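Visitor: I'm new to this one. Could you walk me through how to read it?

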Amino acid sequence: PQRSNMAVVSWLARVELWLLGVIAGTKVEFRGRENLPTGRFIVASKHQSLWETFAFLKVFPNAGVIIKLQLLYVPIWVGVYVAK
């Protein structure tokens, strides 16, 4: 079910951000969250790296995600997104 899948993925995102802080000394700061609209909205990203995908899951824990078909060949995404 989507709720359990997103709970796992959101937990993985938090763990990844924590590990980046512990191992690489990376600090994450989210600014402007108070300016987000209530209700549904679209977030479009330039994807400078894969990192932002996980970071967005911390900010938007119940996000609907549109992915490129080729990403289904990456094993971790198959279990998360196909199960929806």
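Guide: Let's go from the overall fold down to single residues, keeping in mind that this is a predicted model.

Visitor: What share of the residues counts as buried?

Guide: That share is 19% of the 84 residues.

Visitor: What part of the contacts links residues 24 or more positions apart?

Guide: For this you set aside close sequence neighbours and look at contacts with a separation of 6 or more. In this protein, 65% of those contacts join residues 24 or more positions apart.

Visitor: At what angle do α1 and α2 pack?

Guide: For a helix pair, check the angle, the axis distance and the handedness. Helix α1 packs against helix α2 (residues 51-59) at about 115°, and the axes are 8 Å apart. Their crossing is left-handed. On the α1 side, the residues making the contact include Met6, Val9, Ser10 and Leu17; on the α2 side, Trp51, Phe54 and Leu57 are among them. Sorted by class, this contact has nine nonpolar, one polar and three charged residues.

Visitor: Let's zoom in on serine 10. Is serine 10 buried or exposed, and why?

Guide: Compare the relative accessible area with the cut-off: under 20% is buried. Serine 10 has 5% relative accessibility, so it counts as buried. This residue sits in helix α1. Leaving out residues up to four places away in sequence, serine 10 touches Leu57 and Pro61.

Visitor: Where does proline 61 lie, then?

Guide: You'll find proline 61 in the loop between α2 and α3. Because its relative accessibility is 46%, proline 61 counts as partly exposed. Apart from neighbours within four places in sequence, proline 61 is in contact with Met6 and Ser10. The C-alpha atoms of proline 61 and methionine 6 are 6.9 Å apart, although 55 residues separate the two along the chain.

Visitor: Which residue is 60 residues along the chain from glutamine 2, with its C-alpha atom 8.9 Å away?

Guide: That's asparagine 62. Glutamine 2 itself belongs to helix α1 and is partly exposed, with a relative accessible area of 37%.

Technical notes: Residues numbered from 1 in each chain as written. Predicted model: local features only at pLDDT ≥ 70, side-chain atom pairs only at ≥ 80, totals over all residues. Heavy atoms only, no water. Buried < 20%, exposed > 50% of the residue type's maximum accessible area, 1.4 Å probe, protein only. Contact = heavy atoms within 4.5 Å. Axes fitted to C-alpha atoms, helices over the stretch in contact; angles between N-to-C directions. Helix = DSSP H or I, 4+ residues; strand = E, 2+ residues; numbered from the N terminus. Left-handed = near helix turned anticlockwise from the far one by under 90°. Nonpolar A, V, L, I, M, F, W, Y, C, P; charged D, E, K, R; others polar.
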